[in-house]
Structures are given as structure tokens and as C-alpha cells.
Amino acid sequence: MKIANNILNGKTKLNHEEIVQILGEAKDQLRMLPNVITTPKAKLFYIGGLHGDLKCARKIANKIMHSDYHAVFLGDYVDRGPAQVDTLLHLVALKLQIPERVTLLRGNHESQEVSGRYGFHSEVKQNYSEELYLEFLDFFKVIPIAALSRSGIFACHGGVPEDVYSLNDLSSINRFDVNFPDDRLSQLVWNDPKEMNFEFTFSIRGAIARFFGLVAFQKFMGNLNLRLFIRAHEAFPEGIRTFFDGRLISIFSTSYGGRITPMIARIDSDLTVHAVEI
Ligand SMILES: [Mn+2]
């Protein structure tokens with residue numbers, strides 16, 4: 001906990017032993033959690049991909065700590081950005097400091113096949129070691145995959161997967177793998193919405209992902225009795241975009257070096273949704 005506190009007070013560039021220790025504490029916590037986390041009814045923040053943007057991660061962590069809101073991070077903490085290890089550890093520290101008010105979910109980048117190719121592996125190898133990269137992969141394995149608020153707000157990184165008809169279909173998946181061998185889990189972190197009247201179609205991202213249309217969305221919302229769907233995964237210049245008559249909200253929370261307006265979504269006690277610039 002001392003390390004977590006130091007990180008939240010600005011400490012970066014931790015040494016190998018400190019990182020192993022804080023990841024160990026976080027793993028012990030996350031491993032025990034179900035696939036789908038139950039979050040409060042309202043007073044929620046939803047945070048999109050951070051991709052190594054420590055500046056945004058710090059601003060968001062401060063905002064959360066000085067509030068009484070529960071924060072759901074939608075994954076993609078690593079790859080691409082300038083400070084991937086420090087960004088990830090900042091969120092891990094926040095989770096350890098106020099566990100009851102922070103939910104960390106897994107993005108498609110929290111896997112070996114993606115983080116091995118898009119920057120995280122290189123950053124860890126350059127500044128630390130291959131051995132430490134394996135510790136991070138071991139941490140990725142235990143991160144939960146979705147969150148459901150008591151008011152019916154579903155959150156995950158990507159979107160509606162094929163062949164999921166109930167909460168139990170998600171709860172029963174074995175998530176503990178460095179990649180996503182289960183196709184439903186893989187689609188949950190890879191799929192994208194498309195504002196069209198179809199169920200599923202092939203994606204420009206390749207065979208791993210699908211586009212889900214209005215038909216799939218309505219079935220999923222009905223089957224799970226949901227009010228709202230919040231996801232990340234796509235970078236829109238305005239940082240936030242709504243689909244399907246405002247029932248799906250897509251958010252992105254890194255500036256990508258100024259190309260994007262980083263946003264988070266805030267749900268107040270009256271269940272109104274607000275886009276908040278970071
Ligand atoms: Mn993603």
C-alpha cells in the first residue's frame with residue numbers, strides 16, 4: 001500500500017522489485033473477482049482507453065479520488081503511448097488505494113498477442129526485462145471483463161459478442177489466459193458498433209472481430225434487461241460518440257498527442273449521462 005500511495009503522489013519509474021510487489025497485491029485482489037463486476041446504481045465514471053497517457057491517467061485519478069463516484073476503466077491501458085508502464089501502475093495503485101470505488105476491466109491490448117506487437121513489450125524490455133513482461137502478462141490474465149451497474153448499465157471494452165444470451169454466458173467463461181481463446185470473450189473486447197439494421201458482419205479489423213448492428217444490440221439489451229451500454233476501443237476525434245438512439249456510448253480518454261479530445265462519461269444519481277472533458 002505504501003508503493004500505491006507513492007505512485008498516486010507522483011512516483012514513476014519504479015524498480016523491478018516494487019513492480020513485482022504491487023502487481024502481486026493487485027493480482028491477489030483481481031483474481032478473486034467474478035468476470036462481470038457489479039457496480040453501484042449511479043454516480044459512476046466510465047473511462048476509455050488510456051494507451052500510456054500518464055497525464056490523462058493522473059487527471060482522471062485525481063478527479064475520482066476527490067469525488068464519491070465509482071470509476072469503471074474500460075481497458076487499453078498499454079501500447080502506443082509514451083508512458084505505458086507508469087500509466088498502468090497508476091491505475092493499479094488507484095485500485096489498491098480505493099478498491100471499493102474502482103473497477104478495472106480488460107481491453108484487447110491487455111493480451112500477449114497485442115501488447116507483444118504494439119509497444120508495451122518493447123517498453124518493458126527496454127527499461128526492465130523479459131521476465132518483468134511475463135509478470136505483466138500474468139496480471140492481464142486476472143483482469144475482469146465486464147461491469148454491470150444495479151441500474152442496468154453494461155460496460156465492456158469492445159461490444160456485443162455473438163452467442164451470448166445471458167449474464168451467465170459471460171460469467172461462466174474462463175478468462176484466465178494471456179490471450180482470448182474463447183471467441184465470446186475475444187469479441188467482447190474486439191467488436192465495434194455499426195449504426196445499421198443487421199445483426200453481425202465482418203469487421204475491417206479482420207477475422208478476430210465483428211461489427212454488431214442494431215439487431216444484435218437490441219437482442220443483447222433485451223436478453224440482459226439493460227438500460228445503457230458503455231464501451232471504448234475506438235478513437236473518435238470528439239472523444240465520445242453515441243449510437244442506437246443514445247443507448248450505446250463509446251468513449252476514448254487519451255489525447256493521442258493532441259489529435260483527440262479525451263473524454264469520460266459521468267452518470268449522476270438521476271441516471272443522466274454527461275460527457276466530461278478531462
Ligand atoms: Mn481496444
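## Charged pairs in the chain

A salt bridge, as the term is used here, is a side-chain nitrogen of Lys or Arg within 4 Å of a carboxyl oxygen of Asp or Glu. Asp192 and Arg231 form such a salt bridge, and their closest N and O atoms are 2.8 Å apart. This pair links distant parts of the chain, since Asp192 belongs to strand E7 (residues 192-193) and Arg231 to strand E10, 39 residues apart. Both partners are placed in the interior by their accessibility, for Asp192 is buried and so is Arg231. The model described in this report is predicted, and the structure holds 14 salt bridges.

## A network around Lys27

Lys27, Glu135, Asp138 and Lys141 are linked with one another in a network of salt bridges. Within it, the side chains of Lys27 and Glu135 meet in a salt bridge at 3.5 Å, N to O. Lys27 lies in helix H2 (residues 16-31) and Glu135 in helix H7 (residues 130-140), so this pair ties together parts of the chain that are 108 residues apart in sequence. Lys27 counts as buried, because its relative accessibility is 7% and the limit for a buried residue is under 20%. Glu135, in contrast to that label, is partly exposed, with a relative accessible area of 22%.

Lys27 also takes part in a salt bridge with Asp138, where the side chains meet at 3.2 Å, N to O. Asp138 lies in helix H7 and Lys27 in helix H2, so here the parts that are tied together are 111 residues apart in sequence. Asp138 is partly exposed, with a relative accessible area of 30%.

With 16 residues and 1.5 Å a residue, H2 should span 22 Å, and its end C-alpha atoms are 22 Å apart, which agrees. The N-terminal end of H2 is capped by Asn15, a side-chain oxygen of which lies 3.1 Å from the backbone nitrogen of Glu17.

In H2, the residues Ile19, Ile22, Leu23, Ala26, Lys27 and Leu30 are buried. Around the helix axis they cover an arc of only 145 degrees, and therefore they sit on the same side of H2. The cover over these buried residues of H2 includes helix H1 (2-8), H4 and H7.

## Helix H10

The buried residues of helix H10 (residues 214-223) are Ala216, Phe217, Phe220 and Met221. Their arc around the axis is only 125 degrees, so they lie on the same side of H10. The elements against which the buried residues of H10 pack are strand E6 (153-155), strand E8 (200-203), strand E9 (206-212), E10 and strand E12 (248-251). Just after H10, Asn225 takes a positive phi of about 55 degrees.

## The manganese site

The manganese ion is coordinated by Asp76 through OD, by Asn108 through OD1, by His157 through NE2 and by His233 through ND1, at 2.1 to 2.2 Å. Asp76 lies in the loop between strand E3 (70-73) and helix H4 (84-97), and His233 in the loop between strand E10 (228-231) and strand E11 (240-243), so the pair ties together parts that are 157 residues apart in sequence. Along the sequence, the donor residues of the manganese ion follow the spacing D-x31-N-x48-H-x75-H.

Gln84 is placed in helix H4, and at 3% relative accessibility Gln84 counts as buried. Leaving aside residues up to four places away in sequence, Gln84 touches Gly52, Tyr77, Val78, Asp79, Gly119, Phe120 and Glu123.

Asp68 lies in the loop between helix H3 (54-65) and E3. Again not counting residues up to four places away in sequence, Asp68 touches Lys43 and Arg101, and a polar contact of 2.8 Å joins the side chains of Asp68 and Lys43. From C-alpha to C-alpha, Asp68 and Pro237 are 29 Å apart in space, while they are 169 residues apart in sequence.

Technical notes:
Residues are numbered from 1 along each chain as its sequence is written. This is a predicted model: local features need pLDDT of at least 70, side-chain atom pairs count only at pLDDT 80 or more; totals for chains, interfaces and linings use all residues. Side-chain values use heavy atoms; hydrogens and water are left out. Donors are N, O and S atoms within 2.8 Å of the metal (3.2 Å for Na, K and Ca); water is not among the atoms, so sites may look incomplete. Helices (H or I, at least four residues) and strands (E, at least two) are DSSP runs, numbered from the N terminus. Buried means under 20% relative accessible area, exposed over 50%, partly exposed in between (1.4 Å probe, protein chains only). The expected span of a helix is 1.5 Å times one less than its number of residues. The arc is that of the directions from the helix axis to the C-beta atoms. Contact means heavy atoms within 4.5 Å. A polar contact is a pair of N or O atoms within 3.5 Å; within protein, one must be able to donate a hydrogen and the other to accept it, and residues adjacent in sequence count only if both atoms are side-chain atoms.
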